[in-house]
Amino acid sequence: MEPLIDTHCHLNDPSFNDTIDDVLERARRKGVVGCVVPSYDRESLARTAELAQLNPDILFPGFGIHPWFLDEKALQELETYVKMPETVCLGEVGLDLSPGMPSRNAQEAFFAAQIRMAADYGLPVTVHCRRAHERVYEMVQPYRDRITVIMHSFSGSVEVMKRFLDLGCYISFSGSVTRETAKKYHRCAAAVPADRLLLETDAPSIATQTTPASRVEPVHTAEIASKIADIRGASYTEVCRRSTSNARCVFGKRMK
Ligand SMILES: [Zn+2]
């Protein structure tokens, strides 16, 4: 069975509290050898650290404050978690300029502070970007030689993707790409170079073609790999092999 890595899943979401052991077992049985679990708010920082300590073989923590949940106290506490030897990335951080979000200034201040922290600690950054590709590009561009950026559940066009690729970014595909009607995602999955491709479920936030969002878990990484193989005219084995080797390269050797 080909090893798979889910590079972005919220097993720290309270909806997994009672099911985490079964969820991880189902994932293991499908070949998932690593789950990167990014935090997003103050409460999730401690829960993510605890989960990583309970499941050190498969669950790898990321620490960051999501643009939806800006909180000064959380930002003050963040560095304590980022310093932990288990930490594999900074995140989930970024910009979301959809209507009804926190102010752009506040989002940019949090994002900038967290990019700096990633550079200080030599960690990759998993980036949430909605309706903000140009601004995210401008903010990460000065760090192109110092940090590795993962564009999580990438939602831009092929042209925008190419600009991020030129900065050395990795492009991560979620269940969105499995939807038959998601042509923009299919075009990106076809065009991304094999050495920049990552897989993620973003569980429990993004539905796949077969499964509603609330029931998505890391085992569905296999469905995403299979769809991307179809789109690229590649084998399932090849997509698993490339994406897993990329994930190990980005997040480090702890992911065996
Ligand atoms: Zn997420």
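Trainee: Which residue of E7 is the bridge partner of Ile-150?

Mentor: Keep in mind that this model is predicted. Strand E6 covers residues 149-151 and strand E7 covers residues 170-173, and two bridges join them. The partner of Ile-150 in E7 is Tyr-170.

Trainee: Are the faces of E7 covered or open?

Mentor: In a regular strand the side chains alternate between the two faces of the sheet. In E7, Tyr-170 and Ser-172 lie on one side, with Ile-171 and Phe-173 on the other. These four residues are all buried, so by the cut-off of under 20% relative accessible area, both faces of E7 are covered.

Trainee: Which strands are the edge strands of the sheet?

Mentor: The sheet is open, with eight strands in the order E1-E2-E3-E4-E5-E6-E7-E8 and parallel pairing. From one strand to the next, the twist averages 30°. An edge strand here pairs on one side only, and the two are E1 (4-6) and E8 (197-199).

Trainee: Now the helices. Why do H2 and H3 count as roughly parallel?

Mentor: Helix H2 spans residues 42-54 and helix H3 spans residues 72-82. Their axes are 9 Å apart. The packing angle is about 20°. Angles under 35 degrees count as roughly parallel, so H2 and H3 are roughly parallel.

Trainee: How many charged residues are in the contact of H2 with H3?

Mentor: H2 passes H3 in a left-handed crossing. H2 brings Arg-42, Leu-45, Ala-46 and Ala-49, while H3 brings Lys-73, Ala-74, Glu-77, Leu-78 and Tyr-81. By class, six are nonpolar and none polar, and the charged residues number three.

Trainee: What is the handedness of the crossing where H4 passes H5?

Mentor: Helix H4 (residues 104-121) packs against helix H5 (residues 133-140) at an angle of about 35°. The two axes are 11 Å apart. The crossing of H4 past H5 is right-handed.

Trainee: How many nonpolar residues are in the contact of H4 with H5?

Mentor: From H4 come Arg-104, Glu-108, Phe-111, Ala-112 and Ile-115. From H5 come Arg-135, Val-136, Met-139 and Val-140. Three of the contact residues are charged and none polar, and the nonpolar ones number six.

Conventions
Residues are numbered from 1 along each chain as its sequence is written. This is a predicted model: local features need pLDDT of at least 70, side-chain atom pairs count only at pLDDT 80 or more; totals for chains, interfaces and linings use all residues. Side-chain values use heavy atoms; hydrogens and water are left out. Axes are lines fitted to C-alpha atoms, for helices over the stretch in contact, and angles run from 0 to 180 degrees between N-to-C directions. Helices (H or I, at least four residues) and strands (E, at least two) are DSSP runs, numbered from the N terminus. Angles under 35 degrees count as roughly parallel, over 145 as roughly antiparallel, 65 to 115 as roughly perpendicular and the rest as oblique. A crossing is left-handed if the near helix is turned anticlockwise from the far one by less than a right angle, and right-handed if clockwise. Contact means heavy atoms within 4.5 Å. Ala, Val, Leu, Ile, Met, Phe, Trp, Tyr, Cys and Pro count as nonpolar, Asp, Glu, Lys and Arg as charged, and the others, Gly among them, as polar. Two strands pair if DSSP finds at least two bridges between them. Buried means under 20% relative accessible area, exposed over 50%, partly exposed in between (1.4 Å probe, protein chains only).
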